[in-house]
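Dear colleague,

I am passing a structure on to you, and would be glad if you could look through it alongside the notes below.

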Amino acid sequence: MSAKLWQARAIGPANRWLLRFLPKELPEGDDLRRGLVTAAVACLFLAIAPLYALIGVVFEQPPLAYHGLALLTLIGCSGGLVLLKKGRIRTACWLLMSVGTFATAYTAFREGASGQAAGNMVLPVVMAALMLGW
């Protein structure tokens, strides 16, 4: 089996798909891991934000501010993917973590300590650990 074919199989189909969001000159080591995780988080929330807004309109009728948070998430994730493609991996990580922290903190402060959003404060911490290596 050729080395190139072996590498393609070893990285897996999901990571091969995520590589399209990284620059052509691939980073190595921790930067590659950080870039792949950042791309995965950005793609996930890029898909979830509009679905959340749509489902919210149909079932919950949330305050308008929550739709603003969904829009902020869309913009932040799109910006993160653009930064990744330009090779600015750490900046993309910080952007996603900042947007995630703001959105989660806003909903936690709005709903109070008993709301579900207060429990979601762990999400930006996990994102920071995965993307920034904390």
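The notes that follow cover helix packing and then aromatic pairs.

Please keep in mind that this is a predicted model. Helix H4, residues 64–85, packs against helix H5, residues 89–111, at an angle of about 170°, with the two axes 8 Å apart. As angles over 145 degrees count as roughly antiparallel, H4 and H5 are therefore roughly antiparallel to each other. Residues making this contact include Leu69, Leu72 and Gly76 of H4, together with Leu95, Val99 and Phe102 of H5, and by class the contact has 15 nonpolar, six polar and two charged residues.

H4 also packs with helix H3, residues 30–60, here at an angle of about 155° and with the axes 9 Å apart, so that H3 and H4 are likewise roughly antiparallel. Their crossing is left-handed. Among the residues in contact are Ala42, Leu46 and Ala49 of H3 and Ala70, Leu74 and Cys77 of H4, and the contact divides into 16 nonpolar, five polar and no charged residues.

A search of the whole structure for aromatic pairs finds two. Tryptophan 17 and phenylalanine 21 are edge-to-face, at 5.2 Å centre to centre and with 75° between the planes; tryptophan 17 is partly exposed at 40% relative accessibility, whereas phenylalanine 21, at 17%, counts as buried. Phenylalanine 102 and tyrosine 106 form a stacked pair, 6.2 Å centre to centre with 25° between the planes, and, being four residues apart in helix H5, they are separated by about one helical turn. Phenylalanine 102 is partly exposed, with a relative accessible area of 46%, and tyrosine 106 is partly exposed at 28%.

Terms used:
Residues numbered from 1 in each chain as written. Predicted model: local features only at pLDDT ≥ 70, side-chain atom pairs only at ≥ 80, totals over all residues. Heavy atoms only, no water. Axes fitted to C-alpha atoms, helices over the stretch in contact; angles between N-to-C directions. Helix = DSSP H or I, 4+ residues; strand = E, 2+ residues; numbered from the N terminus. Parallel < 35°, antiparallel > 145°, perpendicular 65-115°, else oblique. Contact = heavy atoms within 4.5 Å. Nonpolar A, V, L, I, M, F, W, Y, C, P; charged D, E, K, R; others polar. Left-handed = near helix turned anticlockwise from the far one by under 90°. Phe/Tyr/Trp six-rings, centres within 6.5 Å; stacked < 30°, edge-to-face > 60°. Buried < 20%, exposed > 50% of the residue type's maximum accessible area, 1.4 Å probe, protein only.
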